[in-house]
Amino acid sequence: MKNVRATVQGRIGYVALIMFAVLVVLTIRYAYLQVIQGDALAQRMRDQSGYEFRIQSLRGAILDRNGKELAVSNMTKSLFIDPNHVYESHDPAAIAADIAPVIGLTEQEILDDIAVGGGFVWVKRQLEHEEYEAVRAVIREKGYSDCLGFQNEAKRYYPNDALAANVLGFVGTEDRGLDGVEQALDPLLKGEVREERLTVDGQRRPILDSIFFGRRTYLGDYCKTVVLTIDSTIQFMVEQELDRAMAENNPASITAIVMDPKTGEILAMASRPSYNPNRFWEYPQDNWKNRAVSFIYEPGSTFKAIVAGAALQEGIVTPNQVFFDPGYVMVSGRRIQNWSNESYGAVTFTDIVKNSLNTGFAQVGLSLGAEKLMHYTRLFGFGEITGIDLPGEEEGLLFKPEDMRDSDIATTAIGQSIAVTPLQLVTAMSAIANGGTLMRPHIVRTIKNPDGSVYEERSPQPIRETLQRTVNRTLIGLLEQVVATGGGAKAGVKGYRIAGKTGTAQKIRLDSSGYMEGRYIASFCGFAPVEDPIFTVLVMIDDPSGGNFYGGQIAAPVASRIFAQLLRYAHVEPSSNPFTRTEEVEEQPQDRGDKEKRMEAAATPPEGKALVPDFTGLSLREAARLAEQRGLFFESEGTGAAVSQSLSVNDIVEQGTHIKVYFTPT
């Protein structure tokens with residue numbers, strides 16, 4: 001009995017030992033599969049049982065200030081292929097031949113996709129609806145459902161095609177904004193992405209909860225809606241006029257901006273040439289550029305509005321102060337002449353502004369000096385970016401006061417030797433229009449959450465005061481005369497009071513110093529109605545080739561047509577107190593010469609400076625008296641009448657400078 005029991009116990013022990021050994025082997029095997037091969041086996045299982053997808057919510061919409069859609073997104077189908085199943089069950093060449101014609105690709109392109117291998121390769125993303133229907137029909141007819149499939153992806157649409165294209169920008173693959181507002185606010189507009197898995201059976205058909213995959217909607221937490229300050233109606237008006245100006249003047253480009261001067265809101269911003277963001281890849285990349293913020297240029301005479309304001313504020317000039325315009329002046333060896341190459345003789349500062357006389361502004365600039373001139377230039381926002389929600393903004397180019405020679409001061413005062421952006425200029429003019437407050441320009445009004453609540457609201461933001469109110473009113477009066485009776489007359493609209501300044505500047509050589517011969521930038525910047533300005537308009541025409549190139553001839557008429565439409569659109573009634581010209585006292589012809597001589601004698605040169613007169617033909621006594629009047633130290637050689645002099649006529653020099661005049665007997 002004992003032997004039987006011992007035998008049984010021994011057998012049980014053996015069985016237990018065997019079971020323990022098997023358990024150890026299974027444990028080691030399990031650990032090997034889980035620890036060493038776990039990731040690879042898990043991936044193999046996922047590949048065999050389904051697909052993993054990255055899905056995203058729709059990109060947030062962009063609306064104009066009135067709620068009209070400027071950019072929206074819809075879900076589209078993107079086609080992918082599973083190369084592994086192609087090789088298992090199908091002929092790659094047959095699939096390429098069946099699919100390529102309906103999606104606009106070559107057979108080789110599809111064969112290249114298949115050759116990549118693996119379980120997932122994109123064939124074509126964001127199919128048009130007709131392409132999707134055609135591919136789906138082929139899949140059903142040929143039985144390609146096990147190797148071809150679709151994934152939902154968001155596609156951006158711009159319902160107004162090219163309207164405000166340079167402002168909006170466009171979106172590339174992966175729902176990424178690549179230009180304009182789309183790029184600047186991409187983190188807020190972009191749809192939220194998450195992972196999703198589609199479980200399928202051996203025939204690649206959805207099973208379990210994946211049956212309902214196609215019915216799921218995903219709103220996301222981002223994809224915010226952006227409401228711009230742009231008014232699409234005003235934008236359309238402006239772009240129509242730019243198209244007309246392109247046809248009339250055949251320029252390299254045109255830029256226009258409409259701003260609300262009281263708030264800094266951009267109501268319209270347009271450039272030509274432009275593009276259609278729905279097909280942005282079909283256009284040259286230069287067309288994508290928003291010249292309003294990324295193009296710098298010499299503003300020319302439009303900048304004189306700032307110089308005039310600075311001179312009035314500093315008490316250097318008054319509207320009726322008399323200057324002598326000799327037609328040109330020489331400053332540090334540089335000749336500065338009027339646009340007309342004419343001399344206007346004795347003129348008031350009002351006439352200098354109205355007729356945009358370079359000689360007068362050169363003298364005013366020298367009176368201001370480098371420090372004050374650049375102080376006011378920066379005070380009005382030049383030389384720094386505005387911070388608007390648009391990519392690629394330039395800050396412009398300004399002198400450091402300590403580096404400026406007299407010729408630099410004089411040329412800056414007439415709008416040369418500095419570079420600004422159109423946005424900076426229209427912002428500065430808006431500061432004059434609203435009474436002297438520089439406002440931060442902005443193009444985004446409101447940002448809303450997906451549920452419609454307000455995420456952020458942009459309110460008007462004053463930056464600083466520029467000019468005293470009384471000085472600013474005087475400056476507005478001068479700018480109004482530019483349009484009413486001066487060089488900007490073609491910007492006027494009958495029945496309305498408009499103020500502004502024209503400009504014509506030579507284009508700078510990009511590859512070297514100096515200017516391009518016969519190449520100009522014509523512009524006009526102004527505001528209306530003067531009684532209560534609600535629109536500031538800038539028109540800049542780059543390199544016109546239609547014959548005329550002066551701002552008053554080609555940019556002012558464009559601004560006039562824009563103003564006319566804007567004022568009607570805003571239901572602004574014609575002025576009940578239209579601008580009237582100051583009464584002019586009729587002069588007798590015989591008195592005119594004596595008066596001009598008296599005015600010339602009373603003309604005020606820049607402080608500390610002297611304008612070299614022409615001594616030719618004067619007697620020794622007359623020449624000495626004239627030199628004394630101009631603050632020059634007079635030396636003579638010879639007797640009789642003056643025939644030459646050591647300093648050139650119309651040179652602007654320091655008072656007390658020696659001048660030698662040569663005389664010969666008559």
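A residue is termed buried when its relative accessible area is under 20%, exposed when over 50%, and partly exposed in between, for a 1.4 Å probe and protein chains only. By that criterion cysteine 223 is buried, at a relative accessible area of 9%. The model is predicted: local features need pLDDT of at least 70, side-chain atom pairs count only at pLDDT 80 or more, and totals for chains, interfaces and linings use all residues. Residues are numbered from 1 along each chain as its sequence is written, and side-chain values use heavy atoms, with hydrogens and water left out.

**Cysteines**

- Cysteine 525 is buried, with a relative accessible area of 0%.
- The structure holds 0 disulfides, a disulfide being a pair of cysteine sulfur atoms within 2.5 Å.

**Helix pairs**

- Helices (H or I, at least four residues) and strands (E, at least two) are DSSP runs numbered from the N terminus.
- Axes are lines fitted to C-alpha atoms, for helices over the stretch in contact, and angles run from 0 to 180 degrees between N-to-C directions.
- Helix H10 (residues 232-249) and helix H19 (residues 551-569) have axes that come within 10 Å and cross at roughly 155°. This makes H10 roughly antiparallel to H19; angles under 35 degrees count as roughly parallel, over 145 as roughly antiparallel, 65 to 115 as roughly perpendicular and the rest as oblique.
- Contact means heavy atoms within 4.5 Å.
- The contact of H10 with H19 comprises 9 nonpolar, 3 polar and 4 charged residues. Ala, Val, Leu, Ile, Met, Phe, Trp, Tyr, Cys and Pro count as nonpolar, Asp, Glu, Lys and Arg as charged, and the others, Gly among them, as polar.
- The axes of helix H4 (residues 92-103) and helix H6 (residues 129-142) come within 9 Å and cross at roughly 165°; H4 and H6 are therefore roughly antiparallel.
- H4 contributes Asp98, Ile99, Val102 and Ile103 to the contact, and H6 contributes Glu131, Ala134, Val135, Val138 and Lys142. By class, this contact has 6 nonpolar, no polar and 3 charged residues.

**An enclosed helix**

- Helix H16 (residues 406-413) is largely enclosed by the rest of the structure, because 7 of its 8 residues are buried.
- The cover over the buried residues of H16 includes helix H13 (304-313), strand S11 (328-331), strand S12 (334-337) and helix H15 (358-379).

**Backbone features in loops**

- The arginine 272 to proline 273 peptide bond is cis, with omega near 5°. Proline 273 sits in the loop between strand S9 (266-272) and helix H11 (285-288).
- Alanine 528 and proline 529 are also joined by a cis peptide bond, with omega about -20°.
- Serine 332, in the loop between S11 and S12, has a positive phi near 50° and is partly exposed, at 46% relative accessible area.
- Aspartate 161 is not a glycine, yet has a positive phi of about 55°; at 39% relative accessibility, aspartate 161 counts as partly exposed.
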